[in-house]
Amino acid sequence: MDLFLGIDVGSVSTNLVLIDDRGDLYLNPLYLRTQGQPVAAIKKGLRMLQEILAPQDRICGVGTTGSARSLAGVLVGADIVKNEITAHAVSALREVPDVRTILEIGGQDSKIIILRDGVVVDFAMNTVCAAGTGSFLDQQAFRLNLSIEEFGRIALEADNPVRIAGRCTVFAESDMIHKQQMGHSLPNIVAGLCEALVRNYLNNVGKGKEIHSPVVFQGGVAASAGIRVAFQKALNMDILVPKHFNVMGAYGAALLSRDWITERGAETRFRGFEVVSCDFRPRSFICKGCPNACEVVEIRQDGAVLARWGDRCGRWGVADEKVEDAALSCSHPLR
């Protein structure tokens, strides 16, 4: 079968989604922990796909997104590399064609996307005090000896949620412990935390945005029923959670690669599953060519430079041995 692959590499998770030419999901999506090693996570995902795909299956297009989208694109030979706003909007439109607001909360990043008539008209990313919501929820669930799913369900049992100071995670955890010491029930404390995180999101990420229904809630945090109900309560409107809420970025990248290949009748640049055995070396260095002091990232395979990015002027776009050597004299490895 002809398939299209979407890869979303973030700081917390690396997700891979395969779709057919109709845009339907093929096989179960892969949701892997990045664990600070995006190259290893990408290789692991490709190796898992290689083992389960049938001989007649072939990858006809690849799209990458996420904070490490450029790195992933170089490694696998992506046909299209897109930012997360576009990828999430495309997948949400596929699931809910008339969606007007997307609330997205992942492990580290949060974002809001405003659409009108199927077009993105506004968006915002998290500020410092709204970052890391997913990781914080994971941490609190672990501290209370609960799974993240149980954490959300317990919130629904609350009869009088307490008010938790959710301006930042340091205050929130401290206040949760204080409320526990005062004798409040666990459901009321967990529900209070969910409401605090939603208030923080709406005040820092959604501030000033016109939130209209239909509203789609996606990203890993959408697994928490407590957060979903807190959004419904705060916005006084229904919140829709798509079936594959935690891999919507990868799904959007797969859809974009399918459209790009189909519209152009092009051959894919996918480098094949052989890349899992290649030796990739990411490095970065600070360019001293001007006061901008850009951090330039490069990726090497078997000693040869595959690509560089991060410079504002384009100086490092083309490999030049003389310039390259000068750069490496002030380089520091990423790993």
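**Entry 1: Glu-263 and the salt bridges**

I looked up Glu-263 and found it exposed, at 64% relative accessibility. Glu-263 makes a salt bridge with Arg-264, with 3.9 Å between the closest N and O atoms. I note here that the model is predicted.

I then searched the whole structure for salt bridges and got 15. One of them joins the side chains of Asp-2 and Arg-58, at 2.7 Å from N to O. Asp-2 belongs to strand S1 (residues 2-9) and Arg-58 to strand S4 (residues 58-65), so this pair ties together parts that are 56 residues apart in sequence. Asp-2 is partly exposed, at 33% relative accessibility. Arg-58 is partly exposed as well, at 49%.

**Entry 2: around Asp-20**

Which residues are linked with Asp-20 in a network of salt bridges? I found Arg-22, Asp-24 and Arg-94 in that network. For the bridge between Arg-22 and Asp-20, I noted 3.2 Å between the closest N and O atoms. Asp-20 is buried at 6% relative accessibility, whereas Arg-22 is exposed at 57%.

I checked Arg-258 next, which sits in helix H9 (residues 248-264). Is Arg-258 buried or exposed? Arg-258 counts as buried because its relative accessibility is 15%, and the cut-off for buried is under 20%. Apart from neighbours within four places in sequence, Arg-258 contacts Phe-4, Ile-19, Asp-20, Asp-21, Arg-22, Gly-23 and Arg-94.

**Entry 3: the largest core**

I counted 39 residues in the largest nonpolar core. Those with the most contacts inside this core are Leu-103, Leu-193, Phe-217, Ile-227 and Phe-231. The elements giving it two or more residues include strands S6 (101-105), S7 (110-116) and S9 (215-218). On the helix side they include H4 (133-143), H5 (148-155), H6 (169-181), H7 (186-204) and H8 (225-235). Which element gives the largest share of this core? I found that H7 does, with ten residues.

Leaving out residues up to four places away in sequence, Leu-193 touches Phe-136, Leu-137, Gln-140, Phe-151, Ile-164, Ala-172 and Met-176. In soluble globular proteins, nonpolar side chains tend to be buried together.

In H8 I listed Ala-225, Gly-226, Ile-227, Ala-230, Phe-231 and Leu-235 as buried. Against what do the buried residues of H8 pack? They pack against S6, H4, H5, H7, S9 and strand S10 (239-240). Asn-236 follows H8 and has a positive phi, near 60°.

Helix H2 (residues 69-76) is mostly covered, with six of its eight residues buried. These are Leu-71, Ala-72, Gly-73, Val-74, Leu-75 and Val-76. Gly-77 follows H2, and its phi is positive, near 80°.

**Entry 4: Ala-92**

I found Ala-92 in helix H3 (residues 84-95). Ala-92 is buried, at a relative accessible area of 0%. Beyond its neighbours within four places in sequence, Ala-92 is in contact with Val-99, Ile-102, Gln-218 and Met-248. How far apart in space are Ala-92 and Gln-218? I got 8.5 Å from C-alpha to C-alpha, for two residues 126 places apart in sequence.

**Entry 5: strand S8**

I looked for nonpolar surface and found a patch of Val-120, Phe-123 and Met-125, with about 240 Å² of accessible area together. Val-120 lies in strand S8 (residues 119-125) and is partly exposed, with a relative accessible area of 36%.

Val-121 is also in S8. Val-121 counts as exposed because its relative accessibility is 51%, and the cut-off for exposed is over 50%. Not counting residues up to four places away in sequence, Val-121 touches Ile-114, Leu-115 and Arg-116. Val-121 and Asp-175 are 54 residues apart in sequence, and I got 37 Å between them in space, C-alpha to C-alpha.

**Entry 6: cysteines**

How many disulfides does the structure hold? I found zero. Two cysteines I looked up are both buried: Cys-194 at 1% relative accessibility and Cys-278 at 18%.

Terms used: Residues numbered from 1 in each chain as written. Predicted model: local features only at pLDDT ≥ 70, side-chain atom pairs only at ≥ 80, totals over all residues. Heavy atoms only, no water. Core = buried A, V, L, I, M, F, W, Y, C linked by side-chain atoms within 4.5 Å. Buried < 20%, exposed > 50% of the residue type's maximum accessible area, 1.4 Å probe, protein only. Helix = DSSP H or I, 4+ residues; strand = E, 2+ residues; numbered from the N terminus. Contact = heavy atoms within 4.5 Å. Patch = residues over 30% accessible without salt bridge, like charges linked within 9 Å, V, L, I, M, F, W, Y side chains within 5 Å. Areas by Shrake-Rupley, 256 points an atom, 1.4 Å probe, with all protein chains shown as cover. Salt bridge = Lys/Arg side-chain N within 4 Å of Asp/Glu carboxyl O. Disulfide = S-S within 2.5 Å.
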